[in-house]
Every structure is written in structure tokens, then in C-alpha cells.
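Here are my notes for your reading of this model. Please keep the structure open beside them and look up each residue as it comes.

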Amino acid sequence: MTVADRLEEDLRGLFAHYPSDRSDSGRLPDPAPDAAVEQGEAPGAEAAVAAVERPSPPLSPSPSAVPPTPERIFDEAIDSEGRLRPHWRGVIEWAGRAGPEGYEAVLTENRRLRLESGVAFDPAGASDAMAAAADAFPVVIAPEEWETISLGVAQRARLIEAALRDLYGPQKALKQGWLPPGLAFGNPDFALWRRDWPDQDAPWLTLFEVDLARGADGRWMVLADRVDSPLGDGWLIANRVAASQSFAEPFLGGRVRRLAGHYLALQQLLEDAMGPDGRVALLSGGSRDPRYFSHAYFARYLGAALIEPGDVTVRHGAAYVKTVEGLKPLSALLRGVHSRHLDALFAPDEAAPGAPALSLAARSGRLRLGNGLGSGAFAYRAMAPFAHILCENLLEEPLILHDAPCLWMGDARAREQAMDEPELWRLERITRGPLTERGAPTLTMRDRDALHRFLRRSGDRLAAVATPPLSTTPAWVDGALAPRQWMMRVFAGLTPKGWSVAPGGVATLVEPGCPPPPLAFGKDVWIPARTEAEARTAPSLERRLAGTHLRRTGGDLLSRVADDLFWLGRTTERADGTLRALRVVIDRMLSGQEEDESPEVLSAILEIQAGSDARRTGMVRVRDAIARLTADPHEPMGIAALLSGLRRTGQRVRPYLSEESWRSIDRLCSDKGWKMPPPPQNASALLRLIDDSLLALAAFAGATHENQTRNHVWRFLELGRGIERGLTFARAADALAGRRRDPDETWLRAWLTLLDSRSAYRTRYMTTPAPAPAVDLLILDERNPRSLVFQLMRLEEALERLPSPGPRRSRELRLAMRMLMEIRLADPEALAEEDEDGVRPRLRTLIQDVRAAMAELSDELARSFFAHTQSHAQVQAHQRIMPLPEGAA
């Protein structure tokens, strides 16, 4: 009899993949035959999917022993009699009513919500595959059992807190022999320098994550402690949002406990630490960190600023965040960056992207770090071999959640055991996880002497771990439910009342014997509420949202983001300039008019962007410049390099752009035509590709103009675009109008066409281009959006709205105003005058002034708003008013 035969008739189809022999699933070995089989009775559901009906009490063998595979495998949804467990009935009955087609529709909606949340976005373009691969059928845990899990996780957090305080303090565990010295002093994540710090009241841990699994015998076990830089809560929250909306009927009908109350308590702790003038921020490693969007989602949920190491500076023992409004004090920092990568001053080899001297701010007590530097000493499996004895001695209570089998390789007997049982154990770094290096030693390697030498030399930082067979949970496979092994990540946070465990988790299907996989989207873990109070959303959340203050400033824009926006504007203008130069040249090549095909003119247009190459002449020089701009990835102003920079910068500022603006960038950078562009000989195909790209850039400019709020985001985009357009104008004016060439109208026509002003000139003058009118239209006409004076007007307008350090106008604003006034007072006839050599000296002088002013303006913006560097005079003034340290006199 199969499982389906023992269920109600309307649910049998759902469990069609629950086999009569567990080995059919390909997940576990055949169970040993029971007495009924020995007597000749056919094996039935009892031997196939029956689980231990009553899990054993929370006592398990020593972590040095690998438990044998039980005959009966615990299943989360089906008991040993083949019946549904009561807390699963709601979601299973809903799935039965929905049927395969209805469930697939829900699954499609779930994947859409995951992608729309923004967390599934991947710079490598793998977001669709990631969301599709994650099984979404929820896991339901009985509330009574969850209470025990919560107590165990909270105890685990308290135990690691106590162990860290002891390890970096009196070291009683080392002196009493509860913890071997090699685990600390041979541990690369033990921060010996931290022992010299003064005593602080701040806790070591603020957030804690733990990987849990239920063994096939029904006992829960700890697979890994995530201590040093957890911050996977964004995946939990985004997973819950997608599941609660797509599985709305069973979610609401099952009265699933919400997450909001847990995170509001955590938020209250952070606000208490923040003080009246401080800030709470979440530190991420940046968009290249695979956890980046979990960090971003969690920061948005908590209302904290998402920053990167480069956003932080330490001045006089205090930490500050660099914003366009200046340096803002930082009081509390939740970090998603490992301790060894955090302080670039302390560990320059490993922490090159870190924030210099950040550890000094933490040491002074003026910055609260969650979690503390050096907490990685008990990360991953470092606690596992010694958790029992440490809990009994440091907390004076028995351990609630026990560890999966783990041997510390610093112990000689453990090394011998692992080498004697290589098929049971795998080597891992005890605080950092699996050995991923190519050619890393394994316990099954043939050269046993080399293995023994390796373990003796490096055993302090290694562990031999085993993952015994796990319980199974229903997973949706080919239109029905099938049993699959699983594990889950559980999240805890410190609150003013102690440790709180989020009611739920992220569950993942796992292969037998494999280490815990990286956290991502997965199966949402549901805990049914036992009371009305547990089922309600925390009312304080509604009050907090209702009390939000209205803001229109946007003054807390990070300096790094402003820098990226500035360069996004510059990069789009560079791409626009290169594409326009290519289009003008190809149009002239296809025109059939002899004067338009002059190689000298065509080369001059292209070399505005590509730079000159005197080694070639004639049309060979023209085709070479086209090839460099369209196909050479190493050409700085080439399309390949510009699109790469555009995508990279756009990804970093994506949260600050409108959806249409981002889609325009993504469409342009994803155009497969630029992967292998047509050669210059296929001019018509190349021209079509260029026109499509110019339309995408125009769409980005239009979406930005129509949809972007006129705040600092807009202003730095405008500044970048205005400065780059001014520099492009100066190069074009110097190359095409700086001196008279015959025929002059051909060169002037190219200048007008390149700056998209030829139609405006024809409408106004209806003559062939002449120097003075062209100069007036392209330099002095304030109504022409492509003119030089128009760019300076845009710059002045944006700069006037930026914060100024004092009552006077800022240096960058005065620079733009001076340049604007000089151009407004210029005489077009005088600018067009030529000397005896055909050079237009006043125009050349103006062009040189513009180029110097634009470069200086860019440097001033970087100093004032991006780097926040101090001048020598400011440093001296600060030193005069700062008191001398004791003993300095």
C-alpha cells in the first residue's frame, strides 16, 4: 500500500511521487527490511515513508559519532501511519483544490514577485534561472516544535556571546581546558589584537543566523553558525513577501505568524544605540557581493542607509558617512563585510576595499558594530565540537540544539578517526566553510602520508564534518509532491528584551552528504499562530508608518552614489559623442558627394573621440578609426568600453533611477549587435546599429528628464552630462573650427552636424555655413540645447542647488559663473576672425579656457562632494583648536 492509498481520496493525486520504496526517489539508500518483510508480506508505505512518530528528546550522540541511517525516515508532512500531520492539512488541502494547473499559476506568480522585488537581480544575468530553480512549496512547522527551536537558537546565540566575551577577556575556557588553545591561536579569524581593547558594554552579537536540519531519525541538528557577517535577513523578508502574496489563501487561512514584530524589536535596539544625532547603516561589500541585494532589501526594510566601505571615513576616533551634505556621524553599523576585509589600515593585504581605521572607531566606543570584529572565531563549525562542554560551563545549562557530527582536526585522535573513516567525513575550514580551492586535499586521497602531514600542519583551522541522512519535506515535482531532503536557515536578532528569533526561515532542498548551500530564494517556512496576538501584524508597525515625517530634501545622498551618478552622466555623453561621430562619418561616406568624402575631414571627426593616429593616411586611417571605436574593447572612448562602464555604473545606482531609465540603459548595453559589430565595409548595417543605440540613449535622457525628481540625484546626473558635453564641444570646436581650412564650409557643416544643429542653422540662415553664424549658434545661443553657453547654464543651475560650506558661493559655482560670463560677453565676429595663418586665435583661447575650466570643475566636485578631503589650511586650523593628548606637552 502506498502513501497515496492511505490518504483521503481527494489528496491521493498530490502524493503520487511518494514511492513505496524510498530508494526509488534517488535520495536515500534502501531501508533495512522489517519483520513484516521477513515474514513474506510485501513492503508497504510503513517501510517506505514512515517516520519516527515522536522525535526523541533534544539529546543526541556526541558530535564525533555519525549516526546510522534509520530504517524509517522522518517526513515533515506524513506521519508513520501515512496520515497528514495536523499543521500541514491547510496547505495540502489548498494544493489539492488548486490542482497542478492552479499550482503552476501560483508558482509563476511567485517567481514574478521574486524578480520584481529586485533581490533576484543578478549582474551576471542569472536572476531568471535562480528564481525558477528555487522550490517554492512552503514548509510548515508545528508551533510547539518551533518554540523548542526558538529556545535552542536563542541559547546558541547566548552561548557564542559568552564564548566570545571569555575568549577576548579572561580566557577561562582556555585555562580550564574546555577549549583547546589551537582552536583560538591557530584560527585565522581569531583577532588577537582585539584583546587589548578596553572593556565595552556593547554586545558582541546583534544578528545571528544558524543552519538547521532534522535528521532522518527526527532529531534537530545544527549544521553551521553564521556569526561574523550574517545579514541574510533580506532573503528571508523578500521570500516571505513573495510567498504571502502568491500563496495568499493558505497563508491567511493557516494564520501564519508574521515577521514584522521581530524586526521592529530589532529596530528599537538600533534606535536606542543611535542617539539623537547618529545614524544606523548597513555595510555591504557592493554589487559584486552575491549577498548584495539581500543587504539592500534588508536595509530598506529597516530604514537604514545601505553603504559600502568607501562611504565611511574615520576622523578623530569617530566614524562618519560621506554624503553630499557633508560628513554625517555614524553610531551603529550592521556589517555584511567579514572582519578580515573591514579595516584597510589594519589588514591592507586582505582589506584593500575596506574603510581605513574603522576598528579605531569601534575601539573608542563611538561606533557600535554588529557583529563585533573578531566574532568569526566561532563561525561556521568552530563551536560544534565543544558546544556541550562550553554550554554546561559558561551558561550552566544543558545544550538544547546539538550539532551535526564534527571533528576538530587539531586533535590527534580526531585526525585518526577521520582518516580511518574517510567515506563518512569531508574536510572543511572550521570557520569559513568548504575547501573550494582546486586540488584541495580530501580524506580519500591515496597518499596517506601526505594527508597526515597536511592535517598535522593545518589541522587547527580544519574540521572533518558529516551530514547524516535528513528528514524529507514535500517538494513540487512534475505536477505532484515528492519527498526531498531539506535544511533551513533561521534568523535571530538582539532586542532590548533579549534574543528574538524570527518566526520562520528559508528552507532549501539539499543533496545527501553535501554542505549547506549559499542562502538565496527558497521554500518559506511557516509557523502557525496559536493565539490571536501571534496572528496579528505588529500594531507598532502601522503607527510607525503613520508617523513618518514628510521629506523632500534627499540630502543624505551618499557621496559614492553621487560620484556614480556623475560618471553615469559623463559616460552616457561619451557614448553619445562617439555614436554621433560615427554616424556623421558613415553618413558622409554614403552620401556620394566628393567634398563629404574627404579623408581629412572624416579622420578629424573620428579623432575627436578616438585620438589621432599619424601612422596611417587617407581612407585607411578612417576605417582604422571606425574599427577602433566600434570593436576594440581597449579603446577608452570606444563603444565596447563605454557600454561596459555604462552597465557597471548603472547597476550601482539602479535604486536611484526610474524603471524606464534603467530599461533604456539595459536595452542599450544588452544589444547583441555590439558583441560582434559589422565591419566598416558593411556601412549600412553599422549605421542601423548606431541609430538604434542613439535612440536608446535619447530614451534614457527623456525618461530621466520626465521622471527623475529634481533632487541631488538629478543634479549630479546633470553635472556629469554638462561637463562631458562641454569637453566634447571643446574638442570638436578645436578640430573642426579652430582654423580655416579649404573648403571651410565642409568643415563647418561637419561641426554643425556633429552637434545636431545643422537643421537649426539652415532654418535660421538658409545659406552655406559661415564662421560667425556657426560660432553664434553653437557657442553663444542660449536657446540651443547643444550650444556651449547652454551647457554652462545647466551647470550653474545645478551647482546653485548644491550645499555650500559657508555663506559665500562655492568655488565650483564661482568657476562656472566666471566661465558663463566670459562666454556671454564674447563677440561672435571676433571669435571667427582669422590671423595670417588661418588660425582663429580668440576661438582657440576660449576653447582652451573651457577645457581647463571643465577639468577644474570636475576636480572641485570630487574634492567637495565625493572624497571630502580637507585642504592644508583646514587641517592646520583643526589642529590648533584640538586639545593635546596627555603626555604630548
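Is Phe293 buried or exposed?

1. Phe293 is buried, because its relative accessible area is 15%; buried means under 20% relative accessible area, exposed over 50%, and partly exposed in between, with a 1.4 Å probe and protein chains only. Tyr292 also counts as buried, at 7% relative accessibility.

2. On sources: the model is predicted, so local features need pLDDT of at least 70 and side-chain atom pairs count only at pLDDT 80 or more, while totals for chains, interfaces and linings use all residues. Residues are numbered from 1 along each chain as its sequence is written, and side-chain values use heavy atoms, with hydrogens and water left out.

3. The structure holds 24 aromatic pairs; rings of Phe, Tyr and Trp (its six-membered ring) pair if their centres lie within 6.5 Å, and planes under 30 degrees apart count as stacked, over 60 as edge-to-face and the rest as tilted. The pair of Tyr168 and Trp204 is stacked because the ring centres are 4.7 Å apart and the planes are at 20°. This pair links distant parts of the chain, 36 residues apart: Tyr168 is in the loop between α6 (143-167) and α7 (172-176), and Trp204 in the loop between α8 (181-185) and β2 (207-214). Helices (H or I, at least four residues) and strands (E, at least two) are DSSP runs, numbered from the N terminus. Tyr168 and Trp204 are both buried.

4. The rings of Tyr292 and Phe293 have centres 4.9 Å apart and planes at 80°, so this pair is edge-to-face. One aromatic cluster is formed by Trp94, Tyr103, Phe137, Phe247, Phe251, Trp476 and Trp526.

5. Arg300 lies over the face of Tyr297, 4.9 Å from the ring centre. The charged end of Arg710 is over the ring of Trp714, at 3.7 Å from its centre.

6. Where is Glu860? Glu860 is in helix α32 (residues 841-867), and it counts as buried because its relative accessibility is 11%. Leaving out residues up to four places away in sequence, Glu860 touches Arg811 and Glu812, where contact means heavy atoms within 4.5 Å. Glu860 and Leu813 are 47 residues apart in sequence, and their C-alpha atoms are 9.8 Å apart in space.

Technical notes: A charge sits over a ring if NZ of Lys or CZ of Arg is within 6 Å of the ring centre and within 35 degrees of the ring normal.
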